[in-house]
Amino acid sequence: MSCGLSFCSVENLNAQTLDWESFIENLLVDAETDSSWDNLYEDLCYLHENPININESTTEELVQLPFLTAQQIEEILAYVYIYGPMKTLGELNLIKGLNYETRQKLRFFLYCGEKSKQDKIYIHDLLKKGKNELVARTDYPFEESSGAYLGSDLYHSLRYKFRYKDKIEAGLTAEKDKGERGIDSYSLYALLKNRGILKKLIIGNYRLSFGHGLVLNTDFSLGKNYILSTSCTSGKGIKPHSSTRESNFFQGAASTVSFGKWELSTFLSYRKLDATLNKGTISSLKDDGYHRTELELSKKGNVQSQLSGGNISYIKDHFQLGLTTVYTLFSKPFYKNTSGYKLYYPVGHSFWNTSMNYGYRNNRLNIQGEYAVSAQGGWATLNTLSVCLFNELQLSFLYRYYHPKYNAIYGSSFSEGSMVKNEKGFYFGMNYPFSRSLKLSSYIDFFQFPYLRYGVSKPNTKGYDFLAELKFNSRKNFSWNIRYRKKSKQADYTENGKKGIAYTRNQKVKLQANYTFNDLFQGKSILNYNHLNEGKKSASRGYSFSQSFQYNMRCIPLQIAVNGIYFHTDDYDSRVFSYEQGLLYSFSIPSYYGIGYRFSTLLKYNLNSNLSLQCKYGFTCYRDRNINKNMLNIQLRYKF
């Protein structure tokens with residue numbers, strides 16, 4: 001059995017309702033993350049609205065739930081195979097490898113249904129039994145615009161999705177950002193799954209993730225808390241891209257076919273990218289998706305990108321082996337910079353990368369890794385070891401080395417920096433449940449940068465990142481956790497006109513309490529404190545206190561969520577982050593600095609079984625400067 005706590009008693013399904021969205025919030029130990037986490041949030045939103053039938057679930061479906069380890073997925077599938085279809089989700093208690101918190105999360109994404117008897121696809125079934133979802137959203141800011149943008153201040157988006165069982169899926173997304181003249185972003189895809197040897201076929205926009213992301217990963221990246229949660233499972237192959245994000249995806253066709261223990265994935269993409277040009281060469285790729293000014297419009301789609309490649313994997317019992325190769329061609333060359341930290345950045349029109357990933361696991365041991373090389377001669381490797389010892393103590397180790405010359409245009413993996421490049425480090429993590437209610441999680445990560453970095457003018461700078469978190473869950477109506485984090489690393493420092501290298505030390509403390517008054521009323525309180533020291537400069541401090549409540553009315557189908565936060569920081573460096581519940585498919589952890597407060601309220605009303613309305617109003621008031629922000633968000637969803 002996998003590492004986990006086991007209980008014989010069957011828990012009450014009406015016990016404390018846990019907020020599944022907090023799972024992502026907990027993984028973001030430092031909320032300054034890239035927007036690829038939006039993909040994870042949107043995927044989970046869709047699964048929450050369209051849960052998986054556990055009695056028909058496959059490995060490919062369950063691996064979409066990032067809090068499950070490979071061993072836990074195997075035990076869920078084995079239970080259904082041995083004992084037959086589940087009658088209720090209460091049977092999850094009989095699977096020893098699933099602890100209480102995991103079982104609670106699974107109830108948001110799984111249901112017990114009958115197995116389908118028909119495998120053939122008929123047109124009349126698509127029209128009659130297919131599920132459609134249409135979501136329209138608009139944002140209206142109340143403050144007056146500065147007039148710097150070409151278009152209106154309104155934001156609009158429209159999403160359509162069609163799904164037929166686990167066989168066919170299609171989607172269309174259109175978006176207009178604030179300040180743009182009109183809708184300038186479209187995302188369209190069609191997906192066919194589980195037809196004989198064909199596991200997946202996607203036409204349109206899609207994402208890719210293989211191995212540990214050293215070569216290809218346009219899905220979400222591994223965070224340091226994520227390693228502790230999942231034992232660092234490898235990539236998830238091809239996925240449709242249906243979010244409003246306008247970068248980091250591919251356009252064309254991708255497929256995966258299965259031949260027994262072998263799987264072959266191939267992909268081909270052609271799309272236009274936004275870029276900043278310098279005398280006909282690419283200075284940098286632009287990925288924010290904004291086209292609000294003449295300057296931003298001049299960068300739109302001025303570079304063509306072609307990508308092709310494949311992955312072949314062999315999976316037998318507890319062993320897996322994979323090989324990934326990708327070739328990328330740009331219509332314009334990347335600019336060659338011969339000085340500074342950009343010396344080893346990509347140069348030229350074409351690039352290729354190849355990697356081999358491996359994995360082995362048993363009841364107590366999980367070993368995984370990847371080794372990659374690039375066209376410019378650099379190489380990269382990442383290796384992990386997770387072991388479960390006595391009393392369910394879980395230890396995780398990770399070693400990575402990314403050569404300064406290694407370049408992967410679409411690579412994204414575990415790192416302290418923003419790229420799979422110029423870094424080496426060793427990570428040690430620990431999970432230990434003292435009891436059914438109390439768990440300690442901790443990690444320390446030592447890292448070093450062999451070459452120069454942005455803001456660091458000397459090679460071989462180093463640092464460390466330490467975190468410890470204690471969680472308590474009463475299983476009735478109360479839970480709390482306390483987290484301490486300290487990060488220290490070297491950077492350029494100037495004092496009295498003299499330049500040098502000094503350590504920047506950032507300490508953060510977070511206290512959080514969750515409580516349920518009854519089945520209808522829940523609350524959450526969070527206190528954050530930041531303390532930043534840069535060299536010999538005086539410390540920069542910041543703190544915030546946030547309070548949120550959620551109430552489900554009994555007489556009418558209305559849910560009300562209220563959130564408020566007060567923040568006080570010395571400057572931007574000590575800014576604080578706070579998660580705030582948003583509309584469907586909308587996820588953000590905004591930052592605040594200075595002195596002020598923010599209030600928001602979210603209303604969700606089901607007009608009928610098919611039509612629902614969500615409205616959110618929020619305003620931010622700064623007491624140290626004359627700035628106030630007010631925003632109204634309206635979203636309408638129709639399911640048919």
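At 25% relative accessibility, phenylalanine 619 counts as partly exposed. Here buried means under 20% relative accessible area, exposed means over 50%, and partly exposed lies in between (1.4 Å probe, protein chains only). The model is predicted, so local features need pLDDT of at least 70 and side-chain atom pairs count only at pLDDT 80 or more, while totals for chains, interfaces and linings use all residues. Residues are numbered from 1 along each chain as its sequence is written, and side-chain values use heavy atoms, with hydrogens and water left out.

Aromatic pairs were examined next. A pair of aromatic rings is described by the distance of the centres and the angle of the planes. Rings of Phe, Tyr and Trp (its six-membered ring) pair if their centres lie within 6.5 Å; planes under 30 degrees apart count as stacked, over 60 as edge-to-face and the rest as tilted. The count by this rule is 37 aromatic pairs. In one of them, the ring centres of tyrosine 572 and tyrosine 593 are 5.3 Å apart and the planes meet at 85°, so this pair is edge-to-face. The two residues are 21 apart and link distant parts of the chain. Tyrosine 572 is in the loop between β25 (558-569) and β26 (576-577). Tyrosine 593 is in the loop between β27 (591-592) and β28 (595-606). Strands (E, at least two residues) and helices (H or I, at least four) are DSSP runs, numbered from the N terminus. Tyrosine 572 is partly exposed, at 44% relative accessible area. Tyrosine 593 is also partly exposed, at 34%.

The rings of phenylalanine 599 and phenylalanine 619 have centres 5.9 Å apart and planes at 40°, so the pair is tilted. This pair, too, links distant parts of the chain: phenylalanine 599 lies in strand β28 and phenylalanine 619 in strand β29 (residues 611-622), 20 residues apart. Phenylalanine 599 is partly exposed, with a relative accessible area of 32%.

A charge sits over a ring if NZ of Lys or CZ of Arg is within 6 Å of the ring centre and within 35 degrees of the ring normal. The charged end of arginine 271 sits over the ring of phenylalanine 249, 3.9 Å from its centre. Arginine 625 places its charged end over the ring of tyrosine 622, 4.0 Å from the centre.

Phenylalanine 259 lies in strand β9 (residues 250-259). At 47% relative accessibility, phenylalanine 259 is partly exposed.
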